Amino acid sequence: MFHLPNNITGFAAMSQLSDVNKESAELQKYTPNSTHKCRILGFNFMDGLALITLKKRILQMKFIQINEISVGELLEVIVKDVTANGILVKLAKSIFSFITCLHLADVPIKKPEKKFTPGMKLKCRVLGVDVEKNKVFLTHKQSLVKLKDPVAEYSQLRPQMELEGYISAIKERVVIVTFFNNVKGYVTLKDMSKEKVESPDSLFYVGQVIRCRVVFFNAVEKKLKLSFNFGDEPVTSPRKCLEPLDISIRKINEAVILSVDSIGYTLGIQNKRKAFLPFYHLSDFHEVQELRKMSFKPGHKLQGLTFFKQKEKLILTMKESFVSAADTNNLLETFEDLKNGMFLPAVIKNHQDYGMFLEIVNGYTGLCPFKTLSYIQPSNLQELFKPGQSVMTRLVKIDTEKQTFLGSVNIKECCESGVDSSLSTLRSYLLSRTKDHLQLFNEQDELAVYNDLKVGDFVEVVVNSVLKKGILCDTITGAKGLVTKDHFGDLQPKVGKCYQGVILFIDLLTPCIEVTLDSKVVQAVKSFKETDKTKLKTNQILKANILLMKPEFMLMGLKGHGSGKFVYVPVKQNLNDVNLKPFKIGSYTEVVIKDYIEGLQLAVFKMHDLKVTPDKSHQAETNQSNLMDIVEEAK
């Protein structure tokens, strides 16, 4: 028997004294007036006793009964079973919870068995506790799991407070957002967007995690009105009538840089007019943008520009996707030229929780709901799709009255089957990059040591320093070099030693060259001789292994009669293909030889080329995640 606080008497059975059964040894500890830690398991009201345990294992538990679990608490649980509707997890002894597919991730999961297996440990947050029904409700949505101060009571609300919840229901004119402990709020049509919303289910989906703002609440009556709009300024405003623009301005023959500021260039164009070229309009590709920022100075003459929009200023663009559209006369004169299903280049303007706003030529603005990008984790969307970034959009719905549109950037809706789109994107990148390299070589003397170097060249390097991830080195001509551990081969490079290598990449932004010291690659390059037998032909199929991964391409070394030659293979289907996963250096697969441009040989994965494998057309839709497995299995 034990005396507990508040004059309560506690009783511990012999089996509750220790984790091990050593009754005689354990009894010696419990002398009169000795003090011990215990935990109340229950009550015997007939005898007026509290039933307690002194087992260390139970004392260390966070809880042993459902009423001890707090809403909003972060827990580690163990997966016990996986079904088509969700997963069963264990919280503690005899305490289980079923997490539905709706709460397994930020985006809907249709096949939980592919992501979860029995025995896995997960971090979840308690959504609610129903003591009467002996139920605990959990969420594994990472956006909710990572919340620091989840709202679990109406009394916690404050005017204009911003908070995160998940959409639990979508009605014709209202969206219901639920928070912890079944705190719920509603959003009316006018508060869903700063654009007119006619159909909420076209923008939102049940289970979507979304940030919202408190408009009105009554803690006593448990009423809560919310808004998805933030701030006072509208995202877009009704379009003003623009002055008619002479078609000659749309195709800019030449422009001169007059000045540069923190966000772009002021240009002089024909008829003594001025225009503005923002930095983010220098190219579709980040690397090319940075190269052009290095190169472009006041007084430089620019070519390859086209009209983007005219509001307060005349805005021009050098983005390859827009210039290509201008070259093919695919420019929009008026909003009436827009048709459902059109496929157009666009620029990301800004983000809201429910979607991102796109801007096409002439400054027409539309919305791409995040609902259409459910295959990407919501927490990654703003990182993968940044303001100023180029995308291709498929027009889904057009509002002629407000001159706005709904667009999709879903890769499945914005990419034709086959390899034409991916090759076109890679060609644009390589041609722009090559042109800008030549201009930098002509203008900046400090880059002269890189002028005569090209990918595939044999070089000798001297090691300067050995780092955790690779080595820094110099060529005999003075060019800086980098070799990652993936390209050591069988070598263990040492400072001061000279090694033979092959150039894989020339980076003028750093500047440096990336080199491989792998003896197999070096020997293949040294042994290669151009003959009729080794000459590559279009649509020829060869094995190749991955040597280098970059955001726009992978460099692969050919095998067979092409051994010693490198090919550039696209890693993106088009500009929208942002959710890429890294491939393993050294992995093998088959490629199909394609174009030869500016001294660079292009190729594509055989599995993607429908002309080569027409009976396997479904493989053209293979996404990057399972493509990784295919490349690995081919080794």
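Predicted model: local features only at pLDDT ≥ 70, side-chain atom pairs only at ≥ 80, totals over all residues.
1. Residues are numbered from 1 along each chain as its sequence is written, and side-chain values use heavy atoms, leaving out hydrogens and water.

2. Helix α9 spans residues 519-527, and Val 521, Val 522, Ala 524 and Val 525 are buried there (under 20% relative accessible area with a 1.4 Å probe, protein chains only; helices are DSSP runs of H or I, at least four residues, and strands are runs of E, at least two). Down the axis of α9, the buried residues fall within an arc of 165°, so they line one face of the helix (the arc is that of the directions from the helix axis to the C-beta atoms). Their cover includes β27, β30, β31, β32 and β34.

3. At the start of α9, a side-chain oxygen of Asp 518 comes to within 3.0 Å of the backbone nitrogen of Lys 520.

4. Lys 141 sits in the loop between β9 and α3. Lys 141 is buried but has no salt bridge, and the nearest side chain of opposite charge, Asp 106, is 5.4 Å away (a salt bridge needs a side-chain nitrogen of Lys or Arg within 4 Å of a carboxyl oxygen of Asp or Glu; Lys and Arg count as positive, Asp and Glu as negative, while His and the chain ends are not counted).

5. An unreviewed UniProt entry places "domain: S1 motif" at residues 72-141, 160-229 and 341-410; such annotations may be inferred rather than shown by experiment. Residues 72-141 are 0% helix and 54% strand, with end C-alpha atoms 13 Å apart.

Notes:
Buried < 20%, exposed > 50% of the residue type's maximum accessible area, 1.4 Å probe, protein only. Contact = heavy atoms within 4.5 Å. Polar contact = N/O pair within 3.5 Å; in protein donor to acceptor, adjacent residues only side chain to side chain.
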